[in-house]
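Grab a pencil and work through the exercises below. Try each task yourself before you read its solution.

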Amino acid sequence: MGRELAPNQPKSAVLHGPSHSFSSSPAAGSRLVSSPARPPPMPPPSPPRALPLPHFTLPPLAGEDHLFVAALRSHLSSSPPPAAASLSRFLPGLTPLRLAHLLLLLRAPLPPHGLLAALLPSPPPPLPLAILLHSLPPRRSAELLAAVLPSVSPHAFPGLLHHVVLTARLAAGLRPAAAVPALDVLFSACARGKKLSRATLAFRAMRAHGLLPTVESCNVFVSAALRLRRPEIAVAFFREMRRCRISPNVYTANMVMRAFCALGRVADAAQLLDEMSEWGIRRTAASFNTLIAAYFRDKSGVEPALRLKERMESEGLAANEMTYNTILHGLCKEGRMRQANRVVSEMRVKGVTPNTVTYNTLIHGHVTCGDNEAASRVHEEMVKAGVGVDMVTYNALILGLCNEGKIKKAGRLVQELCTAKLEPNASTFSALIVGQCKKQNSERALDLLNAMKKSGFHPNYDTYKIVISTFCQNKDFEGAVDVMKDMLGRCMPPDKALLHEFFEGLSEAKKLHLVEDIRSAANGARFIPPVYYTGDYRTEDEEKRAC
């Protein structure tokens, strides 16, 4: 006889559980005579019909198979537990059928994780792995899946999922709507590994059989979609959660708000914030902070963000560092530095200590507005307050000095980096290059550009553009051609303004022979339109101006 993983079960119990009906007895009717007749309430929509969990029978063991499994079971049950290396004499004869029966015979406490992992070949056979997942507690199942899932190919995963469903009836029992731990762990493990397609297959399999994952596992999926920068997947999955009546928690709502904001659907995020209380979810500071940041990104203005902060405080939630730093960032981005300073004063009054992000935001705001003296005062205040200074602080100060052409002062700040045990990064090099270009030191800017690349940093387009423009202003078109070829080799197409400046300079200097060097360079013909090589771009510009 085969080994049955679960007893037979009526289909109705698997699908819907106990049925309920309205009473139609005379006694029931007599109680309603004195009251006016009312139409019966509309019944709730019936859930989609779920597939029953399959009934699975494992082929029996006989002869050598039975003796082999008995010997290996005795070996694993010995005390103390044997070493994983001692299994080497059993592994050559351990077939999937023998392993499946062995796992069913093992009793709690199960062998250590190392022994179980040693029993599974790579890639693991689906049936024994499915049985093992149902036998282990959720945490150990998650650890096991984290170790073995990378070895399961995309073509083999549907087979593993099929066998987990086959053996799920043992765990489901009479509660088909509850999350089966093994399926739930498989779903969350796929999502945690950023394998959203596999996680989607697992979710659909659970839903088809009337099984639902936990909200915590759903949160793992939504979080993975956000980390992969796929907010549309997070929103679509949230709609599916609501359709399946999986109640979200505050973490779900906050992440979905982030997804809406990433898609530019700020109004939907605001509506979700309002609906949280209807779902029995208490809003948190993180909920409001997400929407406050979205208002600034959406260019809705400062006022809606400040009103949202007032609403937050009216609900008994104190604004934290994230709240104030988000508002500060928005104000500094709009150049409203006086209001930003008032927000910092309010922070101190409310007992919220400004941190490194707070001071860095203020320094960068002053630098952007061209007020380097104010930025230096904020830096001094930051040091006196004992707040840690990082590379963002130094890069903002260095950029401010370089924008004014104060190369020596910027150099002294670079020397301070060693004292502060900090290393220059790409932003540091870019700021220093800007400073040299402000001084028209194109050769020195090129030296810094080469040093930046040797240090492992990748210059961005703006860095290349300002160096090329400086070479053109200095009439050093050979240097401009070299930098242009380097930029094209990095698949950075020049914009129209740079092309006009570059080709007009070549034409005026009567060095159009250098154009062929650009045309023959990597991506030279791909990223630069042919009209620039022929000079017809001037005719097109004149025609546009005439129109």
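Buried means under 20% relative accessible area, exposed means over 50%, and partly exposed is in between (1.4 Å probe, protein chains only). This is a predicted model, where local features need pLDDT of at least 70, side-chain atom pairs count only at pLDDT 80 or more, and totals for chains, interfaces and linings use all residues. Residues are numbered from 1 along each chain as its sequence is written, and side-chain values use heavy atoms, with hydrogens and water left out.

**Exercise 1.** Find out what share of the chain is buried, and which residues touch the most other members of the largest nonpolar core.

Next, recall what a nonpolar core is: a set of buried Ala, Val, Leu, Ile, Met, Phe, Trp, Tyr and Cys residues joined through side-chain atoms within 4.5 Å. The largest one has 162 residues, and Leu291 and Phe502 touch the most other members. Now zoom in on Leu291. Skip its neighbours within four places in sequence, and Leu291 is in contact (heavy atoms within 4.5 Å) with Met257, Val266, Ala269, Ala270, Leu273 and Leu308. As background, nonpolar side chains tend to be buried together in soluble globular proteins.

**Exercise 2.** Describe how the rings of Phe502 and Phe503 are arranged.

First, the rule: rings of Phe, Tyr and Trp (its six-membered ring) pair if their centres lie within 6.5 Å; planes under 30 degrees apart count as stacked, over 60 as edge-to-face and the rest as tilted. The whole structure has eleven aromatic pairs. For Phe502 and Phe503, the centres are 5.3 Å apart and the planes sit at 90°, so this pair is edge-to-face. Then check burial: Phe502 is buried at 0% relative accessible area, and Phe503 is buried at 2%. Elsewhere, ring pairs link Phe187, Phe203, Phe221 and Phe237 into a cluster.

**Exercise 3.** Which arginines lie over the faces of Trp279 and Tyr533?

A charge sits over a ring if NZ of Lys or CZ of Arg is within 6 Å of the ring centre and within 35 degrees of the ring normal. Over Trp279 you'll find Arg242, at 4.5 Å from the ring centre. Over Tyr533 it's Arg519, at 4.4 Å from the ring centre.
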